[in-house]
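Hi there,

I am passing a structure on to you, as promised. Please open it alongside this email and follow along.

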Amino acid sequence: MTDWVSWFRYQLKASADGFEWALAQIPAHLHDQLPPDPGYLGTWSPVRHIWHVTEYERCLVIPSMLQWLDIPSPLEEEWPDDDETWAKVTERGQAAIVSNFQRVRQQQIEFLDKLTTVDWNAPRETLWGQKPLSMVVTKTFQHTYEHGDTLLRMGLWWEVILKEEAEKSKDADS
């Protein structure tokens, strides 16, 4: 493969579209709720997954991409990925969370055009050790698919699990 930019533009766009599709499969009234069956659906609300992926990309991926452009990262903070930081997030609605995700993902897609002459296989020191840019960007869409899988499971099974739990509770009360 020689056209890295086209390949990664497609992957970043497709994984973002799939991620947003996955969220849309979950009824909106559940977006800020914790799912049932944490062993299968996880322990985060759907919007926290979107926020998590967005912050990962904003705090880790974009600064890593900037390394290959020899541009100092404007970001001085660490990735704030904890319950305490999440509790302080005030814009938890689907529209705001998704808008932030779209903005951060679009920044990465735009950076790709500046990386056409870069050796995508040459390793550099990254947050993941000595890795090439191809790994950094591949990790981005892998991470999106990973969380998208959880959101899709929520969309497919959340209400089914709630119904099953209600039936079990009803049977136990009888």
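Below are some notes on a loop and a helix.

First, the ground rules: this is a predicted model, where local features need pLDDT of at least 70 and side-chain atom pairs count only at pLDDT 80 or more, while totals for chains, interfaces and linings use all residues. Residues are numbered from 1 along each chain as its sequence is written, and side-chain values use heavy atoms, leaving out hydrogens and water.

Start with I26, in the loop between α1 (4-24) and α2 (38-41). Helices here are DSSP runs of H or I with at least four residues, numbered from the N terminus. I26 counts as buried because its relative accessibility is 2%, where buried means under 20% relative accessible area with a 1.4 Å probe, protein chains only. Beyond its neighbours within four places in sequence, I26 is in contact (heavy atoms within 4.5 Å) with H31, P46, L151, M154, G155 and W158.

Now look at H31, in the loop between α1 and α2. H31 is buried too, at 5% relative accessibility. A polar atom of its side chain lies 2.8 Å from the backbone oxygen of I26, and the H31 side chain also reaches the backbone oxygen of L23 at 3.3 Å.

Finally, helix α5 (residues 94-112) has 19 residues and reaches 27 Å from its first C-alpha to its last, close to the 27 Å expected at 1.5 Å a residue; that expected span is 1.5 Å times one less than the number of residues. Its buried residues, including F101 and F111, pack against α1, α3 (46-68), α4 (83-88) and α6 (133-173).

Enjoy exploring!

How values were computed
Helix = DSSP H or I, 4+ residues; strand = E, 2+ residues; numbered from the N terminus. Buried < 20%, exposed > 50% of the residue type's maximum accessible area, 1.4 Å probe, protein only. Polar contact = N/O pair within 3.5 Å; in protein donor to acceptor, adjacent residues only side chain to side chain.
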